[in-house]
Amino acid sequence: MSSNAGTDGNLAAGSGGDAEETVSPVPPVEPPSPAGRPEPLGPTRRLIRNGLAALVVVVAVVVAGVFGSRAYFNSVTEHAASDAVAAATTRTAQLLSYSAPTLDADLARAKQQVTGDFVTRFNQLASTLIGPSTRQQNITTKATVTRAGFVSADSNRVVTLLFIDQVTTTATRPAPVQSTSQAQVTMTKVGGTWLISDVAPI
């Protein structure tokens, strides 16, 4: 009986000692972030990122628009220059070709090739020089444009450079005489048609 009591007393004492021991709390351990996963963005950083993305899109649109407009402008200009040079080649040859027997018809045809202020200048030239001298000397002259290009161009006005051959006969010189000249011929688009608005010999 005494032995068991002692044993029970020891157990009771031991239990009491264990109950009096203080255990320090262990702080919770946060799991590590998975490798390669970015930290969440704050509102300010998110706003900056979105703003930069929008700016990149705007710049790309502007650049594409600029190059697209330039390509379109170049295409329109090249097409205008090509048409104007072709018209200058034909119309200048008609303007500078005439003959005494058909002078009235030739001058009427020539006046259909010109526009703007050049109409007045050509009419004066035709009435004071071309008409009288052609009739008096029985002139026949035929012009041919042998080479042509353009100096400057936009969609409605093109300055061309023409190399012109003329073969001329007169009453006193029945044998054909050939001459060569160069001229800057300005073409202006009027109602969809390219007409001569200036001729400047070089």
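Biologist: What is the mean pLDDT of the protein?
Modeller: The mean is 79. This is a predicted model, and 62% of its residues reach 70 or more.

Biologist: Where is confidence lowest, and where is it highest?
Modeller: Helix 1, residues 2-20, is lowest, at a mean of 43. Strand 1, residues 98-99, is highest, at 98.

Biologist: OK, the core. Which residues touch the most other members of the largest nonpolar core?
Modeller: Leu95, Phe122, Met187, Trp194 and Ile196 do, out of 25 residues in that core. Several elements each supply at least two residues, among them helix 3 (103-111), helix 4 (118-137) and strand 5 (193-201).

Biologist: And which helix gives the most to this core?
Modeller: Helix 2, with five residues.

Biologist: Back to Ile196. What is it in contact with, leaving aside neighbours within four places in sequence?
Modeller: Its contacts include Leu95 and Met187. Arg91, Thr92, Gln113 and Phe118 are also among them.

Biologist: New topic: how much space lies in the largest pocket?
Modeller: About 420 Å³. Its lining has 21 residues. Leu96, Leu125, Ile130, Val199 and Pro201 lie nearest the centre.

Biologist: Which element gives the largest share of that lining?
Modeller: Helix 4, with eight residues. Strand 3, strand 4 and strand 5 each give two or more.

Biologist: How does the lining split by class?
Modeller: There are 13 nonpolar, seven polar and one charged.

Note on methods:
Residues numbered from 1 in each chain as written. Predicted model: local features only at pLDDT ≥ 70, side-chain atom pairs only at ≥ 80, totals over all residues. Heavy atoms only, no water. Core = buried A, V, L, I, M, F, W, Y, C linked by side-chain atoms within 4.5 Å. Buried < 20%, exposed > 50% of the residue type's maximum accessible area, 1.4 Å probe, protein only. Helix = DSSP H or I, 4+ residues; strand = E, 2+ residues; numbered from the N terminus. Contact = heavy atoms within 4.5 Å. pLDDT = per-residue confidence, 0-100. 1 Å grid on protein atoms, 1.4 Å probe; cavity = no way out; pocket = protein on both sides within 12 Å on 5 of 7 lines; lining within 4 Å. Points joined across faces, edges and corners; volume = space filled by probe spheres on them. Nonpolar A, V, L, I, M, F, W, Y, C, P; charged D, E, K, R; others polar.
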